[in-house]
Amino acid sequence: MKITQIRNATQIITYAGKRFLVDPMLAPKGAWPGFPGTAHAEIRNPMVDLPFGVDKIVDVDAVIVTHTHEDHWDQAAIDLIAKDKTIFVQNDSDAALLRSQGFTQVTIMTDELTFGGIRISKTHGGQHGTDRAYAVPELAELLGEACGVVLRHPDEKTLAIVGDTIWRKAVAEELQAIQPDVVVLNTGYAHVVGLGPIIMGQEDVLNVHFLLPEATIIATHMEAVNHCLLTRRALRDYVDANQISDNVAIPLDGETVHL
């Protein structure tokens, strides 16, 4: 297994001989406005350029889209990914959206399906924001659902991509049940003004480590969109201070973690 950090939550994961592109945000730097009502909304997104040419990024066997917010599935991805590419999505709504965009090989993830001998499972425990945020009807609709994904194969370590969620009991219970060897965490601590975080932050890295002390944690979703408050440097300092640096990788854009 190897995980190449592209930008934000976009990664290329090579697993059991297949290449998966996860949550592609492929627009050039500054292509679209910051998310309104979020921290630093005046900053345009994406905040940084892609580390590689798009042709290299889209040369994969399949795409995994955990949800269709613009920083995980943007117009550039819609335009640049082949319409007959195999794409896995979380629910009927996202499948209908991608089909309306012209994609012909869209599969809804279930509790278990198989692709090239790899078992792919969708997780259910995540919540893309605080209870307070979901108490606001229009924001609850905007935040919507965001799943996680688990990959399993006899020749590979079990990989859990936790997705856009805060730390909560249901997430902990799922991870405890899965017992993954590798955990990809979206740790940028993105914030909606007045309503708090909508993804994990530095303390949640420690939470996952306490829950799964033998697992390798890959921290991503930082330094690429306006509302993320946690930087790689700050997370590295926190990880070092808590003496868990051997268990946590914080890859730069373009960097590959071999597992």
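Lys56 lies over the face of Phe52, at 4.0 Å from the ring centre. A charge is taken to sit over a ring if NZ of Lys or CZ of Arg is within 6 Å of the ring centre and within 35 degrees of the ring normal. The charged end of Lys18 likewise sits over a ring, that of Phe115, 5.5 Å from its centre. The model is predicted, so local features need pLDDT of at least 70 and side-chain atom pairs count only at pLDDT 80 or more, while totals for chains, interfaces and linings use all residues. Residues are numbered from 1 along each chain as its sequence is written, and side-chain values use heavy atoms, with hydrogens and water left out.

A search of the whole structure finds four aromatic pairs. Rings of Phe, Tyr and Trp (its six-membered ring) pair if their centres lie within 6.5 Å; planes under 30 degrees apart count as stacked, over 60 as edge-to-face and the rest as tilted. The rings of Phe88 and Phe115 have their centres 5.5 Å apart and their planes at 75°, so this pair is edge-to-face. Phe88 belongs to strand 5 (residues 86-89) and Phe115 to strand 7 (residues 113-115), so the pair ties together parts that are 27 residues apart in sequence. Helices (H or I, at least four residues) and strands (E, at least two) are DSSP runs, numbered from the N terminus. Phe88 is buried, with a relative accessible area of 3%, and Phe115 is buried at 17%. Buried means under 20% relative accessible area, exposed over 50%, and partly exposed in between (1.4 Å probe, protein chains only). Ring pairs link Phe20, Phe88 and Phe115 into a cluster.

Strand 1 (residues 2-7) is mostly covered, five of its six residues being buried. Strand 1 pairs in the antiparallel sense with strand 2 (residues 10-15) over five bridges, and Ile3 stands opposite Ile13 there. Two strands pair if DSSP finds at least two bridges between them. Strands 1 and 2 form a hairpin with two residues between them, and Asn8 in the turn has a positive phi of about 55°. Strand 1 also pairs with strand 16 (residues 256-258), in the antiparallel sense over three bridges, where Thr4 stands opposite Thr256.

In helix 6 (residues 169-178), Val171, Ala172, Leu175 and Ile178 are buried. Seen down the helix axis, the buried residues fall within an arc of 130° (from the directions of the axis to the C-beta atoms), so they line one face of the helix. The face turned away from the buried side carries the exposed residues Lys169 and Ala177. Just after helix 6, Gln179 takes a positive phi of about 55°.
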